[in-house]
Amino acid sequence: MSRSAHPAGPRHADVLTEGHYTAPPADLNALDEKVWARTVSRNDDGAVTVGGIEVTRLAEEFGTPAYFLDESDFRARCRAWADAFGPGADVFYAGKAFLSRAVVRWLKEEGLNLDVCSGGELTTALDAGMPAERIAFHGNNKTVAEIERAVQAGVGRIVLDSFQEIVRVSHIAQRLGKRQRVQIRVTVGVEAHTHEFIATAHEDQKFGIALAGGQAAEAVRRALTLDGLELIGIHSHIGSQIFDMAGFEVSARRVVQLLAEVRDEHGIELPEIDLGGGLGIAYTSDDDPREPHEIAKALGDIVTRECEAAGLATPRISVEPGRAIVGPTAFTLYEVGTIKHLEGLRTYVSVDGGMSDNIRTALYDAEYSVALVSRRSDAEPMLVRVVGKHCESGDIVVKDAFLPSDLAPGDLIAVPATGAYCRSMASNYNHALRPPVVAVRDGEARVIVRRETEEDLLRLDVG
Ligand SMILES: *Cc1c(COP(=O)(O)O)cnc(C)c1O
C-alpha cells in the first residue's frame, strides 16, 4: 500500500479511496495485540489495563494526556533483539526514538548498546551510567563541543558523516591525546520508507558520504591516513518504518563491495559493518512487522553470502533499532473534550493533547489506531477523525478511525504505538505542557519523565 505525502482532505471520499477503514472492525472492544503493548488487555468491567492497572486509575493519578510505557514489554523487546543477534553482533538502541535515564538503565541491564546524536542525549546516557564504550555518537553536524565531550568520555565509536568531520574528529582526538574509534556513514543510493524502497537517486539527502563517484572510498582513504582515528567499519542507515528486507539487501551488498575495494586498495579488512535501524512496527492492524529473529537471520544471511562472494571474512554486524523496540511499548491516553458531527462531512473528536505530543501525523501523514479504553461499548461504530486542541487545522492525531457512536466528553481514548518519536518530538506549541511518561510494570506505575508545569515554562522565559 502506498502512503501519499499530501494531507488527507476533508471529504469522506478520501477515506473511502484510502482503503483502510472502508469497513469498521468486527469488534470495537477488541485490542489487536499487534499494535498494543504486551500487558495491555480489557478487564471484565470493560476498562483497559496495562501492567495490571486500569487506565481510569492511571488517569486519576497521573492526569491526561500522558504516555504509559509497558516496562516489561520494553525489556522483553530488548532481550528479543539481543538474543536474535547473539554475542557475535551488537544491538544499539537508537536513543532519539525515546530516551530517559530509566530507559538507559533498562538498556544497560538488558545488555544493549546506545546510539546518541546530540550532546543532550550523550549527557542523559552518561548520567544514567551507560558505559561510554557502549555508546555510538551520530549526527550530520556534531559541534566541536559535542565531539570533544564524546571523545573525552571515551565513546565506543563516532560515526563520521562528512569530509570536514573526518578531519575535525581526528584533530580533536589528537589534541586530547586519544585515538578515536570511528565508522564512516555511507549513502548507498537506496532509500526505504514504509512499504517501499527505491534504489535510485537517493544520494540527494544530507546524511552520509555517497558510495557513488568514489566519495566513500576517498573518505576511507583520508580516515586511514589520520593519526587521531581508528577506522573500524562502514555504516549505512537507509530509512525508517521499513517492512521489506530488499532495501537492506541492496545496502548490505554495496557496503560489502566497499569493504572489498578497501581490502584491494589498502590490504586491510575493516572488521565491522553497521546496517542501521528503521525496522517497521504495527501502527494499525494492516501492518505486519517482522520479528527480530527473522530480521537477524535475513541480515546475517545477506552479509555472509556477500562476503563469501567477495572473499572477505564476515565482519561483525551491528543494528540500530529505535522504533522497533520502544514504539509498540507505549500508548497515549487522552480525555475526549468535544465531539462535532459535521453533516455529510466528518465527525471530529477533540482530545486534550494533539500535535504537541504527537507530531507524526502532521509531519509524515502517519497512521495510528485508537480505542475507547475507559469502558466497553456495544454502540454502532462511527467513523471519526481524532484531533488535538492546538490552533492549527493540521493538528490531527488519528486521521480516520472507528470509535463507538455513544462516545461522550469525559471518555478516555488511547492511541497505541506512540512510544517512538512522540515524546521525543513533543513541543510546547501553544505553551502546551509536555505530558509525562509513566512506566508501568507488575501493578506499579511510576513517572520516569514528569509532566511539565507552568513554572517550567515561566522559568525559561526570563523576561
Ligand atoms: C533514526 C536512526 C535509527 C533508528 O531508526 P528507527 O526507525 O527508530 O529504527 C538508527 N540509526 C540511525 C543512524 C538513525 O538516524
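Two strands are taken as paired if DSSP finds at least two bridges between them. Helices (H or I, at least four residues) and strands (E, at least two) are DSSP runs, numbered from the N terminus. The model is predicted; local features need pLDDT of at least 70 and side-chain atom pairs count only at pLDDT 80 or more, whereas totals for chains, interfaces and linings use all residues. Residues are numbered from 1 along each chain as its sequence is written, and side-chain values use heavy atoms, with hydrogens and water left out.

Strand β4 (residues 66-70) has partners in β17 and β23. With β23 (residues 437-441) β4 runs parallel, and four bridges join the two; D70 has V440 of β23 as its bridge partner. With β17 (residues 330-342) β4 runs antiparallel, again through four bridges. In this pairing L69 stands opposite A330, and F68 is bridged to F331. Five of the five residues of β4 are buried (under 20% relative accessible area, against over 50% for exposed and in between for partly exposed; 1.4 Å probe, protein chains only). In a regular strand the side chains alternate between the two faces of the sheet. In β4, A66, F68 and D70 point one way and Y67 and L69 the other, and all of these residues are buried.

Five bridges join β17 to β22 (residues 412-416) in an antiparallel arrangement, in which F331 has P416 as its bridge partner.

E335 is located in β17. Its relative accessibility is 36%, so E335 counts as partly exposed. Contacts (heavy atoms within 4.5 Å) of E335, not counting residues up to four places away in sequence, are made with T64, S350, V351, D352, G410, D411 and L412. The C-alpha atoms of E335 and I413 are separated by 6.3 Å, although the two residues are 78 residues apart along the chain.

A separate description applies to strands β10, β11 and β14. These three strands form an open sheet in the order β11-β10-β14, with mixed pairing. The edge strands, each pairing on one side only, are β11 (196-198) and β14 (239-240). Strand β10 (residues 191-193) runs antiparallel to β11 and is joined to β11 by three bridges; A192 stands opposite F197 in β11.

S377 lies in the loop between β19 (371-372) and β20 (381-387). S377 counts as buried because its relative accessibility is 4%. Polar contacts are pairs of N or O atoms within 3.5 Å; within protein, one atom must be able to donate a hydrogen and the other to accept it, and residues adjacent in sequence count only if both atoms are side-chain atoms. The side chain of S377 makes such a contact with the side chain of D406 at 2.9 Å, and reaches the backbone nitrogen of A379 at 3.1 Å. Leaving aside neighbours within four places in sequence, S377 is in contact with N29, L372, P404 and D406.

The ligand has 15 residues around it, of which K96, G278, E320, R323 and Y421 come nearest; a residue is near a molecule or strand if one of its heavy atoms lies within 4 Å of it. The shell is made up of three nonpolar, seven polar and five charged residues. In this classification Ala, Val, Leu, Ile, Met, Phe, Trp, Tyr, Cys and Pro count as nonpolar, Asp, Glu, Lys and Arg as charged, and the others, Gly among them, as polar. A side-chain N or O atom of K96 is 2.7 Å from an oxygen atom of the ligand. For G322, a backbone N or O atom lies 3.0 Å from a ligand oxygen atom, and for Y421 a polar side-chain atom lies 2.5 Å from an oxygen atom of the ligand. The ligand taken alone exposes 390 Å², of which the protein buries 92%. Accessible areas come from the Shrake-Rupley method with a 1.4 Å probe, and for residues only the protein chains shown count as cover.
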